[in-house]
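Here are my notes for you to read beside the model.

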Amino acid sequence: MNGANGEVARVGAHANPGEPLDAIWGRAQSRERAGDLEAALAGYALLVELKLDGGQPIPALLCERLAAVCVELGEHQAAVRVLAAARGRMQSLGDDYGVFVMTLRLAQASLRATDLESAELFLRDAFAQRQAIAARGPEALGLLDLARRLGWRGRDATETAIGRVDASLTLARFWAAVGGFEAAASAAELALELLPGAGGQFSATAIGLFLAELHLDRGDLAGAAGAERRHGPQGTGETEDQRRWALLGARRACLEGRLSAARQALELAHGRGEEPPARLELQAAWMLATLLGQLNRVGDAQRLLQHTASRLAPDRARGGLARDLEALSQLLGRKREGASRELALPFVPEQAWRRGAIEDDDDAPSPAPPPAARPAPGGERRVERFADRWAIGFNDVLLLLDGGDLHGAAAHLPALESLGARSDSPRIAARTRYLRALIDYHRGDYAAARAAILECLDGAREQGLALDELQYLDLASLVLARIERLEEYQRCAAEARALLGRLLEQLDGEDRVYWTLNKMSQQDTYLSARIDSLRWIERSSFPIGAVADWLSAQRLRRETLRCYREMSCLVGWDIDRRLEGEDAGAPGGAGVLSTPEAADSSDQVEAWVRFELGLTRRSGRGARRRSLADRRWPLLRIPRGMAILQYYAVADRLFAFLLTRGSISIRVLRTTRIELGEAVSGALLEIMQQNYAGIGPRRVDQALRRLAADVGITELLRPLIGAIEHLVIIPHDVLVHAPFSALPCGGEERLCERFVIRSIPSLRWLDPGAAIASRPIRPGSFLGVAVREHPGMPPLRRPLEEVQRAATLLPGACRRTILADGDAVPGAILAALERSEWAHFACHGLFDRAQPHRSRMLVSGPDGAGGEIALAEIQRKRLDRLRVAVLASCWTSGAAVLPGGELVCLPAAFLRAGARGVLAPLWMVDDVQSAVFMADFYRAAAESPPPQALARVQRAWLRSGDGRRSTAFHWAAYIHHGSG
């Protein structure tokens, strides 16, 4: 025992032996909770020394705390020596049960240090077993039965039960550390079964958390949900246990594809205070940041990380944790700048924590509370959980792939596969196989990638892992497109679209908008894969060269068209049908490409733009008859003085097509969808804040200039100033919400000061003649709808006066129909719309982000109830007579562009029904200022067509010098949709 006493004396050299034992114990615990581990170790060591010197048994809890602190300080061998000395002392006292407990403590200390070989040796010793403890299956069940019938008995039944629970949990921790999740779960279930006799020494909640996490490591969602139902916290609040369950619930929700639910749970768990965050708050913030990255809400994620870093205590703010937070922020920045999809941010669950970052909870429950959070003590943290060791390797490979280091990723993969082979987790096996398929795909070994990824798909479907399945379907689609397995590709792509639709239904509106940016980007990648496959089309072997070239070009054209049909990727663009010439009069051979190298998206889309221009409509009903010149030279139909600016956003760039009379040019702007989304959202937010929070104009100007730079306004339009008066904008994707009229076009001038601006859904809705008309509209019939109150909405101020003023200011004598309040019911309004040439709505409007097709105008209903006119009802009407619809209602220009769908918004519905033009606001307008704006608009409309009238009023308000009117919130909200 002299050696043992010497070891204890070494680690407890700074203790005060004059203190009472209870005081030493209390002080040591207090120092441990405060994070002063050196002082805590000195106190625990002194207690062990005093017990040994007095010939007294050493309490198991004291040994556990001493060993835990030693391991946390990197003193694993010291912990083992102290515990071994204590075990020897108990052997000399004949305390067989104490020897057993100390042997378990030695195994636990080895597990904490990830010394699995020593842990197994100590467990064999504890259970007097010669066979390998790491064995699973029947052997593991035999060990569990041995733990149930434990031969080593304590002084009473409670102490015996404590030993049995402790033994079961130690086995569970060991099996979890070596990848035996099924055996570990069985051991944890046994611990819960034995728990009632243990006298409250163990936490059922902590064991339940451990059990639920084991199920998630295997991909067993039902098992995890069952553990949460049985052992999760009751009620709501922000206790530590509830935070832990919230983190675990968020992880399960992500695996199931419920990303919005996961985000909401993490937002509640990570805390919003200014004080230094606790360990669980840090973990929640880390998980929330990675989830926001998965949702493409990169700016939100980076702001969260910055706020978290600012809350760190001084010692942490200078340590490795702050560097880890900054590294994650940089990783998110790479996603914004590169639009990467395979970035190591999958949140399922391999991103749950990263090397050197936040210390994880003790995964195995223990009789005492875990120590306080603190930074990792330098170097690389040793990881106890098998799932976390595998996750680190998984992320390493993904990061190498994302950085373009295919050789490095391939070199790291065998070690990860070897590690994964030791596990009985179906999910870990599938995720490792997915990495192999991903590397094979990048190498060009598509056959091997196909076999691996299809196997992954089967496993994900069996386990119900929706997010995994979508990721596998994405890769499978790419692989099948490359190897021309077209039937398989079409089936796989259809499954991906259906699954994506189901997942989108579970997202709230804002998350849906951001997440679809990522998913739409994948369609562009599919397109690239199929386009690349066209390069391998063989040249015709016909002996006459000219005929061979013609046959090759025809074959290339057919394959290109089939490619576009299969992709269905150009949102709202019927490019395949147009190029096939199915519409009467469509040019037959204009889509032919001369060489496979010319088969890129720019050439194809340029051809499509030409065809669409030739198919423009005068109204929403059918195509107009076109002359031979129209068909052969459609660009000559663009009037002088007009330019058309059409955008198409893909994953990592923005196409801008600028059409003027007789010419078309294509610019590629290096901005990603994520950057565009953030720029548009930022501009709208600053415009709102200027009105509601009174912020200065500088921030608004900066946000608008950033958006103008992203969409290339100065580069594209500044050369046209002075030569072009009319600008037709065809926005795409998130740009449907961009306030183009407020964007600077060089210097201090705004776009509306230089151009008369119109917005249309596509070229098919352009009537060039109507777009440059200079005469004001003199309608023969006017419909006014005024609804002051609607259930659940604030009442409007004087909507009837607004409608009556509009009717008075309209030029010429016309039939006026005014439906106010109780008379403004849906049936009467829709019937009057079909007979009207001009309509004005002064009521509430609603853009439904969750279900855009349910966007609606809020009017009156029967018996004073609220009524509504939905987008679909408007679109079904024949509104060929309607020349102008003014929607003086909030949010009515709100729009959605969903994968594979047309533009969905109220103005587009009016245009499809036959209306020539729609005036509607992009955000929630002030009803008093809106009424004044409308009066000015109608005075201008008496002298000019509506688009020119809108431009005149916007310029007047912008230059008014009135600090309120001149803000963009009031004059930039309204957009003119349609060309006439």
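How many of the 22 residues of H9 are buried?

1. This is a predicted model. In it, 19 of the 22 residues of H9 are buried, so the helix is mostly covered.

2. Helix H9 runs over residues 157-178. At 1.5 Å a residue, its 22 residues should span 32 Å. The end C-alpha atoms are 32 Å apart, which agrees.

3. Look at both ends of H9. Asp156 caps the N-terminal end, with a side-chain oxygen 3.2 Å from the backbone nitrogen of Thr158. Gly179 follows the helix and has a positive phi, near 95°.

4. Next, the aromatic rings. The count of aromatic pairs comes to 15. Take Phe100 and Phe127: their ring centres are 6.3 Å apart and their planes stand at 90°, so this pair is edge-to-face. It links distant parts of the chain, 27 residues apart: Phe100 is in helix H6 (residues 96-112) and Phe127 in helix H7 (residues 116-127). Phe100 and Phe127 are both buried. Ring pairs also join Tyr97 with Phe100 and Phe127 in a cluster.

5. Trp923 and Phe969 form a stacked pair, because their planes lie at 25° with ring centres 6.3 Å apart. This pair also links distant parts of the chain, 46 residues apart. Trp923 sits in the loop between strand S15 (917-921) and helix H39 (927-941), while Phe969 is in helix H41 (residues 968-971). Both Trp923 and Phe969 are buried.

6. One more ring to check is Trp957. Arg965 lies over its face, at 4.5 Å from the ring centre.

Key
Residues numbered from 1 in each chain as written. Predicted model: local features only at pLDDT ≥ 70, side-chain atom pairs only at ≥ 80, totals over all residues. Heavy atoms only, no water. Phe/Tyr/Trp six-rings, centres within 6.5 Å; stacked < 30°, edge-to-face > 60°. Helix = DSSP H or I, 4+ residues; strand = E, 2+ residues; numbered from the N terminus. Buried < 20%, exposed > 50% of the residue type's maximum accessible area, 1.4 Å probe, protein only. Lys NZ or Arg CZ within 6 Å of the ring centre and 35° of its normal. Expected span 1.5 Å × (residues − 1). Polar contact = N/O pair within 3.5 Å; in protein donor to acceptor, adjacent residues only side chain to side chain.
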